[in-house]
Amino acid sequence: MPDFDPADALAAAAAGDQRAWTSIVSTYSGLIWTVARAYRLSAADSADVFQGTWLRLVEHLGDIRDPIRLGGWLATTARNEALQLLRRVGRDVPVDDMSTVSEAADSVPTADEELLRTEDQKVLWSAFGQLPGSCQRLLRLLFAEPLSPVLISAYSAGGS
(Lines give C-alpha, C1' and ligand atoms only; values in the text may rest on other atoms or scores of the structure.)
Protein backbone atom coordinates (compact mmCIF):
# COMPACT_ATOMS: atom_id res chain seq x y z
CA MET A 1 0.00 0.00 0.00
CA PRO A 2 2.02 2.99 -1.19
CA ASP A 3 -0.38 5.58 0.29
CA PHE A 4 -0.56 3.96 3.72
CA ASP A 5 0.27 6.40 6.50
CA PRO A 6 0.30 4.74 9.94
CA ALA A 7 -0.37 8.03 11.77
CA ASP A 8 -3.44 8.82 9.67
CA ALA A 9 -4.65 5.22 9.82
CA LEU A 10 -4.30 5.06 13.62
CA ALA A 11 -6.09 8.38 14.12
CA ALA A 12 -8.92 7.39 11.79
CA ALA A 13 -9.23 3.92 13.36
CA ALA A 14 -9.34 5.47 16.83
CA ALA A 15 -12.19 7.67 15.57
CA GLY A 16 -14.08 4.55 14.44
CA ASP A 17 -13.17 4.45 10.74
CA GLN A 18 -13.58 0.80 9.72
CA ARG A 19 -11.72 1.31 6.45
CA ALA A 20 -8.67 2.62 8.34
CA TRP A 21 -8.80 -0.37 10.69
CA THR A 22 -9.01 -2.76 7.74
CA SER A 23 -6.03 -1.00 6.18
CA ILE A 24 -3.96 -1.44 9.35
CA VAL A 25 -4.91 -5.11 9.64
CA SER A 26 -4.12 -5.88 6.01
CA THR A 27 -0.79 -4.05 6.22
CA TYR A 28 0.49 -5.74 9.39
CA SER A 29 -1.22 -9.16 9.54
CA GLY A 30 1.68 -10.92 7.84
CA LEU A 31 4.13 -9.46 10.34
CA ILE A 32 2.12 -10.67 13.32
CA TRP A 33 1.70 -14.19 11.88
CA THR A 34 5.42 -14.34 11.17
CA VAL A 35 6.30 -13.40 14.73
CA ALA A 36 3.84 -15.93 16.17
CA ARG A 37 5.05 -18.75 13.92
CA ALA A 38 8.68 -17.93 14.77
CA TYR A 39 7.93 -19.32 18.22
CA ARG A 40 6.87 -22.61 16.59
CA LEU A 41 3.41 -22.36 18.02
CA SER A 42 0.59 -24.51 16.77
CA ALA A 43 -1.86 -22.95 14.35
CA ALA A 44 -4.38 -22.50 17.18
CA ASP A 45 -1.81 -20.89 19.49
CA SER A 46 -0.58 -18.65 16.68
CA ALA A 47 -4.18 -17.57 16.10
CA ASP A 48 -4.46 -16.72 19.81
CA VAL A 49 -1.31 -14.58 19.57
CA PHE A 50 -2.68 -12.93 16.42
CA GLN A 51 -5.99 -12.08 18.08
CA GLY A 52 -4.34 -11.00 21.31
CA THR A 53 -2.03 -8.63 19.45
CA TRP A 54 -4.93 -6.95 17.65
CA LEU A 55 -6.84 -6.74 20.93
CA ARG A 56 -3.88 -4.94 22.54
CA LEU A 57 -3.81 -2.49 19.64
CA VAL A 58 -7.55 -1.80 20.04
CA GLU A 59 -6.97 -1.20 23.76
CA HIS A 60 -4.10 1.22 22.98
CA LEU A 61 -5.22 2.85 19.72
CA GLY A 62 -5.01 6.33 21.17
CA ASP A 63 -1.82 5.64 23.15
CA ILE A 64 0.64 4.90 20.34
CA ARG A 65 3.24 7.69 20.69
CA ASP A 66 5.14 7.12 17.46
CA PRO A 67 2.74 5.85 14.76
CA ILE A 68 5.58 5.48 12.26
CA ARG A 69 6.85 2.63 14.46
CA LEU A 70 3.51 0.83 14.54
CA GLY A 71 5.06 -2.25 12.91
CA GLY A 72 7.67 -2.47 15.67
CA TRP A 73 5.01 -1.97 18.33
CA LEU A 74 2.91 -4.77 16.84
CA ALA A 75 5.93 -7.10 16.52
CA THR A 76 6.91 -6.47 20.15
CA THR A 77 3.33 -6.98 21.28
CA ALA A 78 3.08 -10.24 19.30
CA ARG A 79 6.35 -11.45 20.89
CA ASN A 80 5.01 -10.62 24.34
CA GLU A 81 1.73 -12.40 23.58
CA ALA A 82 3.64 -15.49 22.36
CA LEU A 83 5.87 -15.55 25.44
CA GLN A 84 2.87 -15.14 27.75
CA LEU A 85 1.13 -18.00 25.98
CA LEU A 86 4.21 -20.20 26.29
CA ARG A 87 4.47 -19.43 30.01
CA ARG A 88 0.76 -20.07 30.52
CA VAL A 89 0.63 -23.32 28.64
CA GLY A 90 4.00 -24.57 29.86
CA ARG A 91 5.76 -26.55 27.22
CA ASP A 92 6.46 -29.75 29.15
CA VAL A 93 7.06 -32.58 26.74
CA PRO A 94 7.12 -36.01 28.40
CA VAL A 95 9.95 -37.90 26.70
CA ASP A 96 12.66 -40.20 27.92
CA ASP A 97 15.43 -38.53 25.99
CA MET A 98 15.75 -34.76 25.55
CA SER A 99 17.68 -35.29 22.32
CA THR A 100 14.37 -36.41 20.82
CA VAL A 101 12.91 -33.00 21.57
CA SER A 102 15.90 -31.26 20.02
CA GLU A 103 15.72 -33.45 16.91
CA ALA A 104 11.99 -32.83 16.56
CA ALA A 105 12.50 -29.06 16.80
CA ASP A 106 15.25 -29.20 14.20
CA SER A 107 13.02 -31.13 11.82
CA VAL A 108 10.22 -28.53 11.72
CA PRO A 109 10.36 -26.98 8.24
CA THR A 110 10.62 -23.23 7.82
CA ALA A 111 8.04 -21.37 5.76
CA ASP A 112 10.48 -21.24 2.83
CA GLU A 113 11.17 -24.97 3.04
CA GLU A 114 7.44 -25.70 3.17
CA LEU A 115 6.81 -23.49 0.13
CA LEU A 116 9.58 -25.23 -1.83
CA ARG A 117 8.24 -28.65 -0.84
CA THR A 118 4.76 -27.67 -2.01
CA GLU A 119 6.11 -26.41 -5.34
CA ASP A 120 8.17 -29.60 -5.79
CA GLN A 121 5.06 -31.69 -5.16
CA LYS A 122 3.10 -29.76 -7.78
CA VAL A 123 5.83 -30.36 -10.36
CA LEU A 124 6.09 -34.04 -9.39
CA TRP A 125 2.34 -34.68 -9.64
CA SER A 126 2.14 -32.81 -12.92
CA ALA A 127 4.89 -35.03 -14.36
CA PHE A 128 3.25 -38.13 -12.87
CA GLY A 129 -0.03 -37.23 -14.59
CA GLN A 130 1.74 -37.17 -17.96
CA LEU A 131 2.99 -40.76 -17.61
CA PRO A 132 1.12 -43.58 -19.35
CA GLY A 133 -1.44 -45.34 -17.15
CA SER A 134 0.66 -48.52 -16.87
CA CYS A 135 3.62 -46.53 -15.53
CA GLN A 136 1.38 -44.75 -13.04
CA ARG A 137 0.02 -48.09 -11.80
CA LEU A 138 3.53 -49.52 -11.47
CA LEU A 139 4.73 -46.51 -9.48
CA ARG A 140 1.70 -46.68 -7.20
CA LEU A 141 2.42 -50.35 -6.57
CA LEU A 142 6.10 -49.71 -5.90
CA PHE A 143 5.31 -47.05 -3.32
CA ALA A 144 2.40 -48.88 -1.68
CA GLU A 145 3.06 -49.92 1.89
CA PRO A 146 3.69 -52.69 2.62
CA LEU A 147 5.09 -53.83 -0.69
CA SER A 148 3.88 -57.40 -0.93
CA PRO A 149 5.10 -60.16 -3.24
CA VAL A 150 1.44 -60.76 -4.15
CA LEU A 151 1.17 -57.24 -5.60
CA ILE A 152 4.40 -57.66 -7.54
CA SER A 153 3.39 -61.00 -9.00
CA ALA A 154 -0.12 -59.72 -9.83
CA TYR A 155 1.34 -56.78 -11.72
CA SER A 156 3.92 -58.83 -13.61
CA ALA A 157 1.44 -61.61 -14.47
CA GLY A 158 -1.35 -59.48 -15.83
CA GLY A 159 -0.40 -56.29 -16.18
CA SER A 160 1.01 -53.59 -18.13
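Buried means under 20% relative accessible area, exposed means over 50%, and partly exposed is what falls in between (1.4 Å probe, protein chains only). With that in hand, take R40: at a relative accessible area of 48%, R40 is partly exposed. This is a predicted model, where local features need pLDDT of at least 70 and side-chain atom pairs count only at pLDDT 80 or more, while totals for chains, interfaces and linings use all residues. Residues are numbered from 1 along each chain as its sequence is written, and side-chain values use heavy atoms, with hydrogens and water left out.

**The chain overall**

- The chain has eight helices and zero strands, where helices (H or I, at least four residues) and strands (E, at least two) are DSSP runs numbered from the N terminus.
- Read along the sequence, that gives the pattern α-α-α-α-α-α-α-α.
- Of the chain's 160 residues, 24% count as buried.
- Among contacts (heavy atoms within 4.5 Å) with a separation of 6 or more, 54% come from residues 24 or more positions apart.

- Two packed helices are described by the angle between their axes and the distance between the axes.
- Here the axes are lines fitted to C-alpha atoms, for helices over the stretch in contact, and angles run from 0 to 180 degrees between N-to-C directions.
- Angles under 35 degrees count as roughly parallel, over 145 as roughly antiparallel, 65 to 115 as roughly perpendicular, and the rest as oblique.
- As for handedness, a crossing is left-handed if the near helix is turned anticlockwise from the far one by less than a right angle, and right-handed if clockwise.
- In the residue classes used below, Ala, Val, Leu, Ile, Met, Phe, Trp, Tyr, Cys and Pro are nonpolar, Asp, Glu, Lys and Arg are charged, and the others, Gly among them, are polar.

**α2 against α3**

- These two helices pack at an angle of about 135°, with their axes 10 Å apart, so α2 and α3 are oblique to each other.
- The crossing of α2 past α3 is right-handed.
- On the α2 side the contact includes W21, I24 and Y28, and on the α3 side the residues include F50, T53 and W54.
- By class, this contact of α2 with α3 splits into 14 nonpolar, three polar and one charged.

**α2 against α4**

- The axes of α2 (residues 18–38) and α4 (residues 70–89) come within 9 Å and cross at roughly 40°, and therefore α2 and α4 are oblique to each other.
- This crossing, too, is listed as right-handed.
- I24, Y28, L31, I32 and V35 of α2 meet L70, G71, L74, A75, A78 and R79 of α4.
- Nine of the residues in the contact of α2 with α4 are nonpolar, one is polar and one is charged.

**α3 against α4**

- The angle between α3 and α4 is about 130° and their axes are 9 Å apart, so α3 and α4 are oblique to each other.
- α3 passes α4 in a right-handed crossing.
- Residues making the contact include D45, D48 and R56 of α3, with W73, E81 and L85 among those of α4.
- The class count for α3 with α4 is nine nonpolar, three polar and four charged.

**A closer look at α3**

- The 17 residues of α3 should span 24 Å at 1.5 Å a residue, and the end C-alpha atoms are 24 Å apart, which agrees; the expected span is 1.5 Å times one less than the number of residues.
- The buried residues of α3 are D45, S46, V49, F50, G52, T53, W54 and L57, and what covers them includes α1 (6–14), α2 and α4.
- T53 lies in α3 (residues 43–59) and is buried, with a relative accessible area of 0%.
- Leaving out residues up to four places away in sequence, T53 touches I32, L74, T77, A78 and E81.

- I24 sits in helix α2 and counts as buried at 0% relative accessibility.
- Not counting residues up to four places away in sequence, I24 touches F4, A9, L10, A13, W54, L57 and L70.
- I24 and L70 are 46 residues apart in sequence and 9.4 Å apart in space, C-alpha to C-alpha.
- A14 belongs to helix α1 and is partly exposed, with a relative accessible area of 48%.
- A14 and L61 are 47 residues apart in sequence, yet 5.7 Å apart in space, C-alpha to C-alpha.
- Back to R40, which lies in the loop between α2 and α3: its phi is near 55°, a positive value in a residue other than glycine.
- Most residues other than glycine have a negative phi.
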